[in-house]
Amino acid sequence: MSSSASAAAPAALPTVTGRLADKSDDRIVLSLPGTDYRLHLVPRGSLEAQVGQRVTGVIRVKAKRVDVVPSGGRYIEPVFGRPRRVQGRVIGGDVQTNTLHVHAAAPVIAQLMPSQKAANFAVGQLVSFDVERGATFELEQTDTQA
């Protein structure tokens with residue numbers, strides 16, 4: 001699919017801000033403000049934030065087959081637990097890393113399967129996909145005010 005608003009161009013990484021609801025050595029629970037979402041994610045790198053602190057970072061997922069869908073909302077399923085399904089609008093991407101930036105319940109960076117290419121998706125398209133186990137959160141900033 002060719003478009004002047006292709007998702008192929010590198011774009012700034014989309015970040016999400018939430019509260020650290022729980023953490024262990026191999027998992028964090030990220031609470032999204034104004035929602036009931038409690039996303040279980042694997043921390044990437046050092047996460048010195050304490051439970052209750054506001055954190056800003058990047059959520060990365062490995063997408064199974066990505067489909068363009070004609071209608072629907074933006075969501076991450078389930079509301080409580082590890083992400084298993086994502087639906088949202090393409091807000092950017094990077095052809096070099098073969099990733100799409102998708103605005104769902106929170107912005108996520110989706111690593112595409114080798115058989116799919118970021119250049120074939122356009123900004124604004126509504127996409128839906130299943131997520132492999134192991135969605136990650138990489139901290140960019142911690143708010144010291146709890």
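Reply: Asn98 counts as buried, at 11% relative accessibility; buried means under 20% relative accessible area, exposed means over 50%, and partly exposed is in between (1.4 Å probe, protein chains only). This is a predicted model, in which local features need pLDDT of at least 70, side-chain atom pairs count only at pLDDT 80 or more, and totals for chains, interfaces and linings use all residues. Residues are numbered from 1 along each chain as its sequence is written, and side-chain values use heavy atoms, with hydrogens and water left out.

Asn98 is in the loop between β7 and β8; strands are DSSP runs of E with at least two residues, helices are runs of H or I with at least four, and both are numbered from the N terminus. The phi angle of Asn98 is near 55 degrees, a positive value in a residue other than glycine. Another loop, between β5 (75-77) and β6 (80-81), holds Pro78. Glu77 and Pro78 are joined by a cis peptide bond, with omega about -5 degrees.

Next comes the packing. In soluble globular proteins, nonpolar side chains tend to be buried together. A nonpolar core is a set of buried Ala, Val, Leu, Ile, Met, Phe, Trp, Tyr and Cys residues joined through side-chain atoms within 4.5 Å. The largest one here has 32 residues, and Ile59, Phe129 and Phe137 have the most contacts inside it. Several strands supply at least two residues each, among them β1 (16-23), β2 (28-31) and β3 (38-44). Strand β4 gives the most, with 5 residues.

Ile59 is in contact (heavy atoms within 4.5 Å) with residues that include Val16, Leu30, Leu41, Val108 and Phe137, leaving aside neighbours within four places in sequence. Phe137 belongs to strand β11 and is buried, with a relative accessible area of 1%. Phe137 and Leu47 are 90 residues apart in sequence, while their C-alpha atoms are 9.4 Å apart in space.

Now the charged pairs. Side chains of opposite charge can pair when their charged atoms come close. A salt bridge is a side-chain nitrogen of Lys or Arg within 4 Å of a carboxyl oxygen of Asp or Glu, and the whole structure has 4 of them. In one of these, Arg60 meets Glu138 at 3.8 Å, N to O. Arg60 lies in β4 and Glu138 in β11 (residues 136-143), so this pair ties together parts that are 78 residues apart in sequence. Arg60 is partly exposed at 25%, and Glu138 is partly exposed at 31%.

Asp130 forms a salt bridge with Arg85, with the closest N and O atoms 2.7 Å apart. This pair ties together parts that are 45 residues apart in sequence, because Asp130 lies in β10 (residues 126-131) and Arg85 in β7 (residues 85-94). Asp130 is partly exposed at 34%, as is Arg85 at 25%.

Arg65 pairs with Asp67 in a further salt bridge, their closest N and O atoms being 2.8 Å apart. Arg65 is exposed at 53%, whereas Asp67 is partly exposed at 29%.
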